[in-house]
Amino acid sequence: MDFFKTARRKDSGYTVIIGCGRLGASLANAISDKEASVMMVDRDERAFRKLGAAYGGLTLTGDATDIAVLRSAEIERADTVVSVTNDDNTNIMVAQIARNVCHIPNVICRLYDPEREIVYKEFGIDTICPTVLSTREIDRLLGKSKEAKEA
Amino acid sequence: MNMQVLLIGGFDIARTLAASLLKRKYQVTAVHPDYDCCKLLADIKGLQVIHGDGSKPYILEEAGARRTDIAIALTDSDADNLVICELCKKRFGVTKTVSVIKNAENTAFFRQMGVDAVVCATNTITGIIEQLAFVHDMTALVPVGDGRVSIAEVAIPEGAPAANRKLWEISLPREVIVGCILRKDQTLIPRGDTRILAGDSLVLLSSAHQETDAIRELTGR
């Protein structure tokens, strides 16, 4: 995974993650294991339980669509912002603030619905869509089993 | 062809706005994610109602976003409203987008993202409450230009400092002008030598929150 490589290579790197769900928490744990600095923002304090006992990063409770909350997370000095809340629109809005207001070089957001692409495409925001990824993977696995049968 | 207006979310505001727009012969479509709300909205005669999440492109498509002139996002999530406006503008070519927002700090950001008009409901309501609760004798106060300018209607009671004086005799703050005097059923555009009488209503145009000082000068309160 290229993302982890960049996080390790750049010692001064600072990553802000929005949304402490399964994906956000495992990402934060991984970055913290690499001894890079990471900040986790979630509006629900209880979500931070998902972070491992060894998690060495920071946490902040607050609504990330509030620019003031992002500022207190020191988003301006981040080189990567990852928005992975369970709400697509929140992820789009956070990504756009990060990109257009705070000028963060790497902005990644997770979107469940690939249909809203037009909204963020022009801003150079990287997106991952679980539906598209899963479809591709299932398709690959199906192709593999078909090949095995034919052989 | 009548103007097409699309209202997304926001039950109470959507209902009032829809009724008022329909009266003015606009074509109005409302989109709401809650089925019961949709049923109540559908009671309004002439209003087209679409049930669904207005931040989804296919719902907007179904609601006729392509033919829409003005889209108004009224949901209680700033993020939803932003995405709705962006989809309307970029994907469906809606001419004008309007968004209600909760957090006033987002106003500049919404404008930067191409939303044509941004209304902060919380700020507007707080402003009106402050005016009504703490400033007396003001029948109406309309903020203009993002609240930088306001138009106020002030009644001049018997014995007010301004009563029976000429306009130039009153020291109003520099940033305030009396635009109009309403006297019974007459409307006067005042000059410096126009005399103000008790019972008049003055229409003030003021900038930068000068109206309170002006009102004190005129009415003594």
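Student: Which residues of H4(A) are buried?

Tutor: Let me start with the rule: a residue is buried if 20 or more other C-beta atoms, placed from the backbone, lie within 10 Å of its own, exposed if 12 or fewer, and partly exposed in between. Here the buried residues of H4(A) are A:Asp88, A:Asn89, A:Thr90, A:Asn91, A:Ile92, A:Met93, A:Val94, A:Ala95, A:Gln96, A:Ile97 and A:Ala98. That is 11 of its 14 residues, and the helix is mostly covered. Keep in mind that this is a predicted model, in which local features need pLDDT of at least 70, side-chain atom pairs count only at pLDDT 80 or more, and totals for chains, interfaces and linings use all residues. Residues are numbered from 1 along each chain as its sequence is written, and chains are lettered from A and ligands numbered from 1 in the order in which they are written.

Student: How many residues of chain A are in contact with chain B?

Tutor: Contact means that the C-beta atoms of two residues, placed from the backbone, lie within 7 Å. By that rule, 18 residues of chain A meet 19 residues of chain B. On the chain A side, helices H3 (67–72), H4 (88–101) and H5 (117–121) each give two or more residues, and H4(A) gives the most, with eight.

Student: Which residues touch the most other members of the largest nonpolar core?

Tutor: A nonpolar core is a set of buried Ala, Val, Leu, Ile, Met, Phe, Trp, Tyr and Cys residues joined through C-beta atoms within 7 Å. In the core of 73 residues, they are A:Val16, A:Ile17, B:Leu6, B:Leu7, B:Ile8, B:Ala71 and B:Ile72. Helix H4 (residues 78–91) of chain B gives the most to this core, with seven residues. Apart from it lies another core, of 14 residues, including B:Ile181 and B:Leu204.

Student: How confident is the predictor in chain A?

Tutor: Look at pLDDT, the predictor's confidence in each residue, from 0 to 100. Chain A has a mean pLDDT of 87, with 91% of its residues at 70 or more. Over residues 5–10 of chain A, however, pLDDT stays under 50.

Conventions:
Helix = DSSP H or I, 4+ residues; strand = E, 2+ residues; numbered from the N terminus.
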